[in-house]
Every structure is written in C-alpha cells, then in structure tokens.
Amino acid sequence: MTKENTYRRDKRSPTPKSEAVSRVMSANKSKNTKPEILFRKALWKAGFRGYRLHQKKLPGRPDIAFTTKKVAIFVNGCFWHRCPHCKLKLPKSNTQFWEEKFTKNIRRDQAKQAELAKHDWKVLVVWECELKKNMEAQVEKVKKLLGDIKKYEVEQEEFLKAAEEEELYGNE
Ligand SMILES: [Zn+2]
C-alpha cells in the first residue's frame, strides 16, 4: 500500500464523536505501543537479546523478530486488532465504518501472518489483555517457540545473519 492510499483512507475517517473513541484513535500507533514496550522489557529481563524490531522487510513488520530462529511476534492492541478474548463492542457511532475498518485490519493481519508462515516463520500473537493478565506466561510462550537454544547463541546468530535476512525478504 502506498502512503498516498493510506492518507486518503484516513481522510475518510469520521470525526470521533465520543471522547473514548477519540482517545483510542489518537492512541493508535503501530509501533512502540505501551504493551509492546512492557513486553520487550520482560523479554530483556528474561535474558533474550538480539531480537529485531519492526523489520520493514518482513511481512507485517512484526513488532519483535528473532530472525535466525524465524520467530515473529506481534503485540496486538485489543481494540484495533479485535482481540478474540475481549470481544470489544463496536463504537456506537459510525458503526459501519468501524466494522469495515476492523474487518480490513483482521484480514490484513491474517494475510501477513500467512505470508510469514509460508516462509517457515512461527508467528506468535500476544494480546494486550494477556500481557496485563500475565506477562510471565507470554514470556514462557516465547521461550517455548525458541526452543532449547541458549540465549547468547540467538544473539550471536542474529548478529551474523541480520544482513542476509534483509536480502531474503526484500520484496515486500
Ligand atoms: Zn484482549
């Protein structure tokens, strides 16, 4: 999608009528969200190093990517990505607009994840509410996905192969 398209689509966004929606809309950013930063801190504390952030060359720009182990992690906000656990209600005004927008978001997420899987990536989606509920459980999921490898090995490998990976997925 070009920048121009994004801009045009955003221009059609209705002016938020409720304060709550307005607040959520202005809090919408695709990277370095608060839950994401907290999760990265937890991973760091658990000893993980060498992961890469928001790699443009990977489908969907995963929030966190262990490139040599091919593990991609998305930290999803429950509102924008329509969390299956929370099942949040649609905003009351401009309901149809939101419904279409969310459907698009979900389809885009699924397409990007499918593309990663096609390239043999393991994809983990971590929801905002899951992090709030139990951060440690989410860290455990990452540990499982990465397997038994020692953490310093990840770091070393990532360092050596990072440039190579950039080439592999440069066609997005
Ligand atoms: Zn949720």
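Predicted model: local features only at pLDDT ≥ 70, side-chain atom pairs only at ≥ 80, totals over all residues.

**Entry 1: arginine 61.** Is arginine 61 buried, exposed or partly exposed? I found 17 C-beta neighbours inside 10 Å, so arginine 61 counts as partly exposed; a buried residue would need 20 or more. Arginine 61 lies in the loop between β1 and β2. Most residues other than glycine have a negative phi.

**Entry 2: histidine 54.** I then checked histidine 54, which is placed in the loop between β1 (52-53) and β2. Histidine 54 is not a glycine, yet its phi is positive, about 45 degrees. With 15 C-beta neighbours inside 10 Å, histidine 54 counts as partly exposed.

**Entry 3: the overall layout.** Time to step back. I counted seven helices and four strands in the protein chain. Read from the N terminus, the order is α-α-α-β-β-β-α-β-α-α-α. The protein chain has 172 residues, and 21% of them count as buried. I also looked at contacts between residues at least 6 apart in sequence: 68% of these join residues at least 24 apart.

Entry 4: Next I followed β3 (71-76). How many residues of β3 are buried? Six of the six are, so β3 is largely enclosed by the rest of the structure. Side chains in a regular strand alternate between the two faces of the sheet, and I went through both sides here. Val71, Ile73 and Val75 are buried on one side of β3, and Ala72, Phe74 and Asn76 are buried on the other.

Which way do the partners run? β2 pairs with β3 in the antiparallel sense over three bridges, and phenylalanine 66 has valine 71 in β3 as its bridge partner. β2 and β3 form a hairpin with four residues between them. In that turn I noted lysine 70, with a positive phi of about 55 degrees.

β3 and β4, by contrast, run parallel and are joined by six bridges. Phenylalanine 74 stands opposite valine 125 in β4.

**Entry 5: the nonpolar core.** I listed the largest nonpolar core, which holds 19 residues. Phe39, Ala65, Ala72, Ile73, Val75, Leu116 and Val126 touch the most other members. Two or more residues each come from α3 (34-45), β2 (64-66), β3 (71-76) and β4 (122-127). Which element gives the largest share? β3 does, with five residues.

I zoomed in on alanine 65. Leaving out residues up to four places away in sequence, alanine 65 touches Tyr51, Arg52, Gln55, Leu58 and Ala72. Of these, Ala72 is also listed among the core members that touch the most others.

**Entry 6: α6.** Helix α6 (residues 135-146) has twelve residues. From its first C-alpha to its last, α6 reaches 17 Å, close to the 16 Å expected at 1.5 Å a residue. What follows α6? I found glycine 147 there, with a positive phi near 75 degrees.

Note on methods
Residues numbered from 1 in each chain as written. Core = buried A, V, L, I, M, F, W, Y, C linked by C-beta atoms within 7 Å. Buried ≥ 20, exposed ≤ 12 C-beta atoms within 10 Å, placed from the backbone. Contact = placed C-beta atoms within 7 Å. Pairing = 2+ DSSP bridges. Expected span 1.5 Å × (residues − 1).
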